[in-house]
Amino acid sequence: AVPVSALFRTNGEWTVFVVENDRALRRSVDIGRRNAVAAQVLSGLDAEEIVVLHPGDRVRDGVKIVDRATLID
């Protein structure tokens with residue numbers, strides 16, 4: 001499952017950004033059940049992959065991703 005805040009639509013498909021080598025990569029996913037908080041991922045992601053939450057307009061394929069949790073002292 002992924003938080004619904006990670007999901008967005010691209011050409012009619014559900015999509016997420018995964019983080020690989022500190023870069024954002026767009027990935028199509030198949031979604032099953034969902035509610036206001038989480039969505040079941042049927043295919044397209046492995047359990048250990050990290051997804052970008054609330055990807056804004058500046059997040060695109062290949063953009064360097066900084067984990068905001070590491071910026072907090």
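The legends below describe close-up views of a predicted model.

**View A. Strand β6 and its two pairing partners.** Strand β6, which spans residues 38–43, pairs in the antiparallel sense with strand β1 (residues 2–3) over two bridges, and P3 stands opposite A38 in β6. Strand β5, made up of residues 30–34, also pairs with β6 in the antiparallel sense, here over three bridges, with D30 standing opposite S43 in β6.

**View B. The salt bridge between R26 and D61.** The side chains of R26 and D61 meet in a salt bridge with an N to O distance of 3.7 Å. Because R26 belongs to strand β4 (residues 23–28) and D61 to the segment after β6, this pair ties together parts that are 35 residues apart in sequence. R26 counts as partly exposed at 44% relative accessibility, and D61 counts as partly exposed at 45%.

**View C. The salt bridge between E49 and R27.** A search of the whole structure finds two salt bridges, and one of them joins E49 to R27, whose closest N and O atoms are 3.0 Å apart. This pair links distant parts of the chain, with E49 in the segment after β6 and R27 in strand β4, 22 residues apart. E49 is partly exposed, at a relative accessible area of 25%, and R27 is likewise partly exposed, at 23%.

**View D. The largest pocket and its lining.** The largest pocket has a volume of about 640 Å³, and of the 19 residues that line this pocket, V52, V59, I65, V66 and R68 are the closest to its centre. Sorted by class, the lining comprises 11 nonpolar, two polar and six charged residues.

Notes:
Residues are numbered from 1 along each chain as its sequence is written. This is a predicted model: local features need pLDDT of at least 70, side-chain atom pairs count only at pLDDT 80 or more; totals for chains, interfaces and linings use all residues. Side-chain values use heavy atoms; hydrogens and water are left out. On a 1 Å grid over the protein atoms alone, a cavity is a set of points where a 1.4 Å probe fits but cannot get out, and a pocket is an open set with protein on both sides within 12 Å along at least five of seven lines; lining residues have an atom within 4 Å of a point. Grid points are joined across faces, edges and corners, and a volume is the space filled by probe spheres set on the points. Ala, Val, Leu, Ile, Met, Phe, Trp, Tyr, Cys and Pro count as nonpolar, Asp, Glu, Lys and Arg as charged, and the others, Gly among them, as polar. Two strands pair if DSSP finds at least two bridges between them. Helices (H or I, at least four residues) and strands (E, at least two) are DSSP runs, numbered from the N terminus. A salt bridge is a side-chain nitrogen of Lys or Arg within 4 Å of a carboxyl oxygen of Asp or Glu. Buried means under 20% relative accessible area, exposed over 50%, partly exposed in between (1.4 Å probe, protein chains only).
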